[in-house]
Amino acid sequence: IPVRRVLREIGFKNVFVVEEQEMPDSEFSTVEYPNPEDKESFHLALELAEKVDADIIIGTDPDCDRAGVVVKGKDGEYVVLTGNQIGVLLVDYILKGRKENGTLPRNGVIIKSIVTGEMGAHIAEKYGIKTISTLTGFKYIGEKIKAFEETGEKVFLFGYEESYGYLAGTHARDKDAVVASMLICEMAAYHFSKGMGLYDALFELYDEYGYFCEDVKAISLEGKDGLEKMSEIMNYFRSEDINILGDKKILIMEDYMSRKRSYLDDSGHEEKTQLPSSNVVKFILDGGGWLCLRPSGTEPKLKIYGGYKGNTYEEAESNLREILEFIEGEINDNF
């Protein structure tokens with residue numbers, strides 16, 4: 001309802017709503033998992049989109065803080081965008097618009113989580129805008145917004161997480177799918193006016209900044225035994241003398257529990273991460289990749305995040321798949 005209202009207020013008229021999902025449903029009976037992170041949650045929307053030849057599909061979760069997007073690909077088939085892909089499209093759109101309108105502040109800042117891809121930071125750098133990384137959880141982005149309002153040190157422009165959370169503006173301290181949906185539709189209309197769909201716009205950014213691919217895997221570890229195993233896995237990757245993952249050399253290891261960043265080169269340099277302590281380990285890999293392990297804060301799962309940059313999307317995707325499969329294999333073989 002609030003998404004339809006904001007789209008109506010800014011002039012979008014050709015909006016269709018999935019009838020079976022229009023009204024509140026405490027049982028979430030039309031989906032297995034009521035979250036746009038799950039591609040299957042779009043199955044009814046895709047059926048409707050095919051009937052009305054929709055250009056773009058937007059799905060929010062029940063409390064309307066996450067927003068997922070489906071667009072037409074190069075072959076006309078519908079493609080589900082990742083949270084990272086939506087994020088970089090919005091970063092580019094917001095900063096480009098600000099620059100064109102003369103409202104881009106010199107001390108502006110983009111904020112993302114440490115498990116969110118790096119492409120947005122490259123885009124922001126082109127516009128002279130700094131990107132700050134926080135721990136996973138939008139509350140940390142909210143804390144930064146509040147601090148900058150109090151100090152005036154930075155002007156918050158946009159915050160996002162790979163898990164389909166976006167915030168533009170300081171009206172909230174959490175991800176907001178209402179304003180995000182408005183911006184996504186506005187952005188789509190802008191690119192359509194240039195003769196492009198959002199998928200074309202994404203690959204235009206890839207052509208300019210490099211091909212980035214990100215993914216996340218989750219390993220279920222339920223019960224007391226699962227918690228103990230999760231602790232063992234984290235301690236293994238945190239404490240063992242690891243300097244290579246598969247055939248990828250580790251350049252930097254970040255242990256957010258001890259708040260230490262270690263450079264695994266001849267210098268042996270170490271420094272503080274400058275973030276609160278958290279049970280997270282992150283590796284920066286040779287060849288443009290990174291990997292991060294953290295226990296989920298809401299489910300009995302170990303989450304493995306990764307990203308790679310390549311000369312083509314296929315190359316980035318292949319390298320990422322290889323390193324994620326290696327980590328999953330190491331965990332399954334040893335724990």
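Because the model is predicted, local features need pLDDT of at least 70 and side-chain atom pairs count only at pLDDT 80 or more, while totals for chains, interfaces and linings use all residues. Residues are numbered from 1 along each chain as its sequence is written, and side-chain values use heavy atoms, with hydrogens and water left out.

Q: Why is Gln-85 called buried?
A: Buried means under 20% relative accessible area, exposed means over 50%, and partly exposed is in between (1.4 Å probe, protein chains only). Gln-85 has a relative accessible area of 8%, so the residue counts as buried.

Q: Where does Gln-85 lie, and what is in contact with this residue?
A: Gln-85 is in helix α3, residues 83-101; helices are DSSP runs of H or I with at least four residues, strands are runs of E with at least two, and both are numbered from the N terminus. Contact means heavy atoms within 4.5 Å. Leaving aside neighbours within four places in sequence, Gln-85 is in contact with Val-80, Leu-202, Tyr-206 and Tyr-313.

Q: What makes the approach of Gln-85 to Thr-82 a polar contact?
A: The term needs a pair of N or O atoms within 3.5 Å; within protein, one must be able to donate a hydrogen and the other to accept it, and residues adjacent in sequence count only if both atoms are side-chain atoms. The side chain of Gln-85 reaches the backbone nitrogen of Thr-82 at 2.9 Å.

Q: What is the span of α3, and what is expected?
A: The expected span is 1.5 Å times one less than the number of residues. With 19 residues, α3 reaches 27 Å from its first C-alpha to its last, close to the 27 Å expected. Just after α3, Gly-102 takes a positive phi of about 75°.

Q: Why is the pair of Phe-203 and Tyr-211 called tilted?
A: Rings of Phe, Tyr and Trp (its six-membered ring) pair if their centres lie within 6.5 Å; planes under 30 degrees apart count as stacked, over 60 as edge-to-face and the rest as tilted. A search of the whole structure finds eleven aromatic pairs. In the pair of Phe-203 and Tyr-211, the centres are 6.5 Å apart and the planes 55° apart, which is tilted. Phe-203 is buried at 16% relative accessible area, and Tyr-211 is buried at 15%.

Q: What makes the pair of Tyr-236 and Phe-335 edge-to-face?
A: Here the angle between the planes is 75°, with 5.6 Å centre to centre, and the pair is edge-to-face. Tyr-236 lies in helix α8 (223-239) and Phe-335 in the segment after α9 (313-334), so the pair ties together parts that are 99 residues apart in sequence. Tyr-236 is partly exposed, with a relative accessible area of 24%, and Phe-335 is partly exposed, with a relative accessible area of 24%.

Q: How do you know that Lys-282 sits over the ring of Trp-290?
A: A charge sits over a ring if NZ of Lys or CZ of Arg is within 6 Å of the ring centre and within 35 degrees of the ring normal. The charged end of Lys-282 sits over the Trp-290 ring, 4.8 Å from its centre.

Q: Why is Ser-296 called buried, and what does its side chain reach?
A: Ser-296 has a relative accessible area of 14%, so this residue is buried. Its place is the loop between β14 (289-295) and β15 (301-310). The Ser-296 side chain reaches the backbone nitrogen of Thr-298 at 3.1 Å. Leaving aside neighbours within four places in sequence, Ser-296 is in contact with Lys-301 and Lys-303.
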